[in-house]
Each structure stands twice: as C-alpha cells, then as structure tokens.
Amino acid sequence: YWVVDVTRGTRTRLTFDNYSRGWFCGWTPDGHHVLYSSTDSSQYRVMVKAADGSGQATELVNGIDADYSPDGKSIIYATREGKKQDFDLWSVGTEQGARPQPQQFLVTPKDERSPTFSPDGNYVAYSSDESGRFEIYVKPFPGGEGKFQVSVGGGVLPVWSRKGDELFYSWGEDLMVVQVKAKPSLSMGQP
C-alpha cells in the first residue's frame, strides 16, 4: 500500500510485507492512521499503521472491510468464524488500554461485507447476498434493530456522501446513488 499526497504529487510507501494486498479499508477519523486488510494463506487481518509510514503496523482484529465510526470509538468489520465461508459483521470498541471485545452486529447464514458508517455514526450500510444476489442494506448502529434495503437490482461497495444525504454503490459497471433522509425517520429514494 502507498499513501499519495495529491497536492504535492508525492508517494509514501506504507507496507513492505508480502501479505498487505487486496483490501484497503480507510482512514482513522483524525486522518493520522490508515486501516487496511492483510492476508496470508490462512487468515485475514485488519491492520492499522501511521499514514506517514512510520512505526510498525498493529493488528486490530481478524477480518476485512473495516471502517471506523466517525467518533473513533468503534470499528465495524467483516469476518469469518470457524470454517464458515461467508462473512458476518462484527464491531469492536477502540478505547485506549482496553482489551477489545468483539460484538456481533449481523450474523446470518448468508454473506455480509463492506460495512461503512454513516457520517453521523447512527447507521451502517453493507452488502449482503441474502436475496440470492448482493444488495445494499442499512441498519441502525449500535443496536442493529431493523434494516432497510437500498438497492433494487444488485449492489456492492456502499459509500456515504459526506453529509450522509446520499448513499453510493456499484453494480457491474454502473455507479448508483440513492437519496437518504434520516429524520424524522430513515427513508430512501429511488436508486
């Protein structure tokens, strides 16, 4: 992985091992660290490292597709338990000095991936193949009660707009967008 300063055109190499490939996750809310997934032949790991490339990477959890909550107090990620082939969604607190205790967010017999927090931290968008193909869904965080289907013809890789009033996702070669209203209750527009 590399970090590119688009203003200056410089590149800083972030990782030097043979396992850091595949899944970029994102930035910490303060912008000082980068989350990424690393894998060897047996396990996925979410790592964090200083964005300037200094120091060693630290393993946070076993999984992929991690995203920090906007307040920096939680990480949501996809992981497999045991010999299961499909991914489920878990969260973990990030308090300094505390040993993280992962919590189930969404565990089903189907495959859930690419969780991402809304800018206010109240919702998580993710992709799931529960309908037989991947679609985009939104669930409240942290309770996770209820869910809302966003896409109507398939969808992966959800990304919130900075204001949280739009949700982008892709399907095939198409980039889709849905208008989102969070108040007085969550509602979605037509993709």
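A salt bridge is a side-chain nitrogen of Lys or Arg within 4 Å of a carboxyl oxygen of Asp or Glu; a search of the whole structure finds 5 of them. The model is predicted, so local features need pLDDT of at least 70 and side-chain atom pairs count only at pLDDT 80 or more, whereas totals for chains, interfaces and linings use all residues. Residues are numbered from 1 along each chain as its sequence is written, and side-chain values use heavy atoms, leaving out hydrogens and water.

**View 1. The hairpin of β1 and β2.** Strands β1 (residues 2-5) and β2 (residues 10-13) pair in the antiparallel sense over 4 bridges; strands are DSSP runs (E, at least two residues) numbered from the N terminus, and pairing requires at least two DSSP bridges between them. Among the 4 residues between the strands, Gly-9 has a positive phi near 80 degrees. Asp-5 has Thr-10 of β2 as its bridge partner, and its side chain meets that of Arg-8 in a salt bridge (3.9 Å, N to O). Arg-8 is exposed at 61% relative accessible area, while Asp-5 is partly exposed at 28% (buried, under 20%; exposed, over 50%; partly exposed, in between; 1.4 Å probe, protein chains only).

**View 2. The salt bridge of Glu-59 and Arg-45.** The side chains meet at 3.4 Å, N to O. Glu-59 lies in β6 (residues 58-61) and Arg-45 in β5 (residues 44-50), so the pair ties together parts 14 residues apart in sequence.

**View 3. Arg-113 and its partners Asp-111 and Ser-127.** The closest N and O atoms of Asp-111 and Arg-113 are 3.1 Å apart. Asp-111 is buried at 5%, whereas Arg-113 is partly exposed at 27%. Arg-113 stands opposite Ser-127 in β12.
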